[in-house]
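Open the model in your viewer and keep the selection tool at hand. The tour moves from one selection to the next and says what is found at each stop.

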Amino acid sequence: MNRVGYELVIFGALLASCCTANQGALGGDLVNTAVNRQIDLTSQLAKFTTTITLENAGKTATTSFVLAIDPSLRDRLSFIGATTKDDDAEKLPVTQTTVPGRTTDILFRVDLPKALGAGQSTTVNVEESYTHAQTPFPAQITQAEDQLVLFKGNLHFYSPYKTQSETTTVKLASSKVESHTKTKAKVEDSSIVYGPFENVEPFSQEKLQVHYENNTPFLAVSSLVRVIEVSHWGNIAVEETYDVRHSGARLKGSFSRYDYQRQLDGRSSVKSFKTILPAAARDVYYRDEIGNISTSNLNEQDDAVELELRPRFPLFGGWKTHYYIGYNLPSYEYLYNSGDEYALQMRFVDHVYDDQVIDDITVKIILPEGSKNVDLSVPFPVDRHPDELHFTYLDTFGRPVVVAHKSNLVEQHIQDFTLRYSFQKLLLLQEPLLVVFAFYILFFTVIVYVRLDFAISKDEASESRMRMQGLLDQLQAAQDKRTSLYQRYEDAIAKFKSTKDLAGFTGSRKKIDAEHKELSSTIKELQGKLKLESTDVAEKVGELQKLDTNLKEQIGLSITLAEKVVAGKMGKQQYVDNEKVYSAKREDIMGKTETLLSTL
Amino acid sequence: MTVSGLQGKLSSTCPKTCPILPNLQKSKSKACCKRKTENKHPGCDRRPPASANTTYQDPPPKSRTIKMSTAVRGKLPWPLKMSYDKQDTLLKLFVLSIAAVLSFSTRLFSVLRFESVIHEFDPYFNYRTTWFLTEEGFYSFHNWFDDRAWYPLGRIIGGTIYPGLMVTSATLYHVLHFFNITIDIRNVCVFLAPLFSSLTTLVTYHLTKELKDVSSGLVAAAMIAAVPGYISRSVAGSYDNEGIAIFCMLLTYLLWIKAVKTGSLFWGAMCALAYFYMVSSWGGYVFLINLIPLHVLALMATGRFSHRIYVAYSAVYSLGTLLSMQISFVGFQPVQSSEHMAALGVFGLCQIHSFIDYLRAKLSKEYFEILFRTMALFVGTAVTGVGAVLMASGSILQLRCLNVSEHQPTTWSSFYCDLQMLVFMFPVGLYYCFCRLTDANIFIVIYGITSIYFAGVMVRLMLVLAPVMCILSGIGVSGILSTYMKNLDISKVQKKTKKTENYPIKNEVASVVIMMMSLFLITYTFHCTWVTSEAYSSPSIVLSARGGDGSRIIFDDFREAYYWLRHNTPEDAKVMSWWDYGYQITAMANRTILVDNNTWNNTHISRVGQAMASSEEHAYEIMRELDVNYVLVIFGGLTGYSSD
């Protein structure tokens, strides 16, 4: 985001060749009036924290100064950053530079927040991390032995400027020190203080060597592939494949599981370590090529998911293992959009274990199919490889994959990258439609196969049966309708009886009569067709017609009866008695019709 | 989940008696449906608006409901609206798909309990070869000389395995990947056996349908879905030849029965193709190529030999033999070894038989008599020859190496454990077959009797027995059920009319029998699920135990060792171990080993055994001689695990 030009972290090995453009002078007549160096060797890293008080002894104001990297550690540099003393959060821009005459040195230019006038002074904190700077010595130990390491550095602050006064504190992982450089040294428990040294010349070097016990895990990630798969359906899947090795003293002789379990030896070995995943991580898995690694624990905390990983076997010096972990994240926490423009903001590298050393990382970001205008911005320089295509479920033309690579990373590199791309929302429908279409095709084929006859020869019997079934279905429908007409007759009679509206009754009666006639003729037609298939069935339909005629007569009688009673030509009691007889008859005919129909 | 699924399945098999007796059921169920709907839709009973100023009585509501019933027909629940054919199809599809789903899901115990992992020993070899096939393609697989095993001898993999299994999963893998379904090859391998057992249930249904009827087919399909004898070899992760071989075997039988029934060359050729698939996937094909000739011979002996059988057998034998010779591991065996001679003999006999039939049709009786006498001598010798060969091949399947526990004779308890009620229903099925003997029935009778013999000889062949047990039991159960269901229904109807029964308490007897059968079927499902979950669902590569506090402890030591070898030894390191672990080391550790589970070279194994059993100094010498870098030994002394 907006921190690209704001805070820069540079790596010597990587950028030495490409930064010749940033040429500059050493920045006038600066003097380090006081330098206080802390060398933290409590872990496998060498972490330098240097507090420099700079004074401008020249005549002109300067806006920047130059930092030089100690030649003995130049290949080990992983991270460099600077802040002013007052404000820890405000990071100063650090850029690699070269100076004529000092071509072999690795130099960084640090821009000051405001110009340093003549005679003025300021204090700057510089932070550096070096990986693999401590070498195990002896290089091979047995299971029971402790790991001793050797650190070689510069006794003085390697600077292009003159240093008036400096002290160096070396913090060690243990108080057990085999040997150390004795010049102006004072051993205090588990740290050694060197200095103060007065008036040190620019670019002065003197050997600093400490040999001491360091049993902290020398665990290094040889290579890490981080695959981030973005789905616009609300999920981001992360899978990280690790190649891990123990970079400490190699194991001499055999490994005894018995001793390892019973005693407290193998102190420098790695039994387990903790990986911290984002708090929203779900469905975490920890596997390798031959299956699930059953020795892991997951602790969900408020702000993170803590994954305690235990490799299949304890890692001793020189031993390697390979595994992968994966999890899902909800995309609303990391994916932002405005219209069709999207931005993914996630960590380029995440926490693997405390004081982590990652030699190589490849980050692959798989975007949804159809994403365009991809733009990746990372707070530190990375190698961007050509984009790839990835095919997975329901893909047709492949998902674009952004690939970035970087070497030599430490904790300070846990920073966010931002990936902008555009994606048409309508494309989201492509995959569901694909499924729908596939099923449509499938069902359509089945329908075609079932409904159409692909036989070369005709099966007369089954065809006739099917024809008959169709006709019978029609017949059934017509008959059902016709039966319902009688209900309407009765309704009409009842209405007539209550309203005594003769005209309305005749009208509705006529309408029903017409419908009845039509249905009867339909059934007759069907009967004719059925006759071609089976005379037996046709005869039954004939019976059905007869029954219906009967029923029609009955209803006619009932109607005349009703007319009579409405006209007052008949007594109520008489009507009720007669009507009872008729309706019993109708009932009987209906029942007969029913049984006849069920035999069809 | 599986248990309830099973029960649901069983209860759905019961109404299936409907299709058996279509005539009887049709009218009745129709009436019954109507009755139901009348109750269901009282609201449809539209009454005329009762007005206050009339004194006329409304007709009694009872008569209305009857009238309405016809009008209401259109409002039946949708499954009953369909014609009976369609309802029948739907029910069949429903039962079959549930059986198929069940047979898949009941095999997933180990995946759910542990993970999706390949089990045991041989499956690891199959997995490795499959992986090689998908990576390198078929030709390099075919020509694969494996220098990772049997160091320093090596092993020609392409020519010494049945490739059917690997080709199947590789094809599946490539097809899925063609559609961008990016499934891992390991998962394809793990779930192949459950998938094929689903297919087996379908094939079993069709086979039983051909043998008897649809209802027996459905019962048999339901039974094979859960039979432990088959599950033992086909749980998820048990990626072995048997997993697909049972499917191939039943498919071949199905197509053979079709060929026999129709006498069509098409079905014969299809059967030959299925046989080819079978040969490519399992060494047990020998059983098949002896069973089919035996069937033909039995048909000849019972005077049922006809043109249909002639066409079917000639096509199957000639095509099948030619195709089977394409598998390089089989090679020329089909024409050389004694195991296949029965098939050849019967093929010859077929020709003679039909030639005699032809002559008899053409010649007059006297001439034929003369000819027959002279020919009888030759034919007689041929028959005795074939008989002798048959005797020799009787021992075909037990001649293989007898040093493994699965090659021991079967105990009664394991018969019961693997088959449960099928053991008792098997004779019932046989009885029903004998009741109405057909060409096809004779086949299943022969299959049942021979396989029960072989299963008695060797535990492993329980696998061959399980399907026929299911088929015959399916026939038996469905026979009993359909017989008594009929009685149950009839007696109800007759109660309303006058009783004309041929024996008393018919209905009661029928209900007792049906209840008993349901009880048997329910206990069968429970037993199967229990056996599957307890006995057959352990991957054996990962062990689990209960800790003192009830927590689950997982022993994953094997994989720990293999994985260490994989990542912390030189690529060309030679690992010596006892042969049990050979396949697993090559697959999981990817290192060269000296001996493995393909115990083809006894001297090499004995040399390794000697090194293992010797004193340290002596063993060291042997190991130097064998160029060994690492030795893998299982030691369980501390935890009480049995070790080498």
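In what order do the three strands of the open sheet with β3, β6 and β7 of chain A lie? The order is β3-β7-β6, and the pairing is antiparallel. Two strands count as paired if DSSP finds at least two bridges between them. Strands are DSSP runs (E, at least two residues), helices are DSSP runs (H or I, at least four residues), and both are numbered from the N terminus.

Before going on, note that this is a predicted model, in which local features need pLDDT of at least 70 and side-chain atom pairs count only at pLDDT 80 or more, while totals for chains, interfaces and linings use all residues. Residues are numbered from 1 along each chain as its sequence is written, chains are lettered from A and ligands numbered from 1 in the order in which they are written, and side-chain values use heavy atoms, with hydrogens and water left out.

**Stop 1**

Select residues 62–69 and 94–97 of chain A, which are β3 and β6. These strands stand at the edges with a single partner strand each, so one side of each has no neighbour in the sheet. Direction ignored, neighbouring strands are turned by 35 degrees against each other on average; the axes behind such angles are lines fitted to C-alpha atoms, for helices over the stretch in contact, and angles run from 0 to 180 degrees between N-to-C directions.

Pick V94(A) and look across to its bridge partner in β7(A), V110(A).

**Stop 2: the sheet β20-β24-β23 in chain A**

This is an open sheet of three strands, again with antiparallel pairing. Its edge strands are β20 (273–278) and β23 (296–300) of chain A, each pairing on one side only. The twist from one strand to the next averages 20 degrees.

Select β24, residues 304–309 of chain A: six bridges join this strand to β20(A). Across that pairing, F273(A) stands opposite L309(A). Five bridges join β24(A) to β23(A), where L298(A) stands opposite L307(A). β23(A) and β24(A) form a hairpin, with three residues between them.

**Stop 3: helix α29 in chain B**

Select residues 616–625 of chain B. Which residues of helix α29 are buried? They are A619(B), I622(B) and M623(B); buried means under 20% relative accessible area, exposed over 50%, and partly exposed in between (1.4 Å probe, protein chains only). Seen down the axis of α29(B), the buried residues fall within an arc of 100 degrees, so they line one face of the helix. That arc is taken from the directions from the helix axis to the C-beta atoms.

On the other side of α29(B), the exposed residues are E617(B), Y620(B), E621(B), R624(B) and E625(B). The cover over the buried residues includes β5 (574–577), α28 (602–613) and β7 (630–632) of chain B. Just after the helix, D627(B) takes a positive phi of about 60 degrees.

**Stop 4: confidence in chain B**

The chain averages 80, and 80% of its residues score at least 70. Over residues 1–74 of chain B the pLDDT is below 50, though this stretch has 100 contacts (heavy atoms within 4.5 Å) beyond near neighbours in sequence.

Key: pLDDT = per-residue confidence, 0-100.
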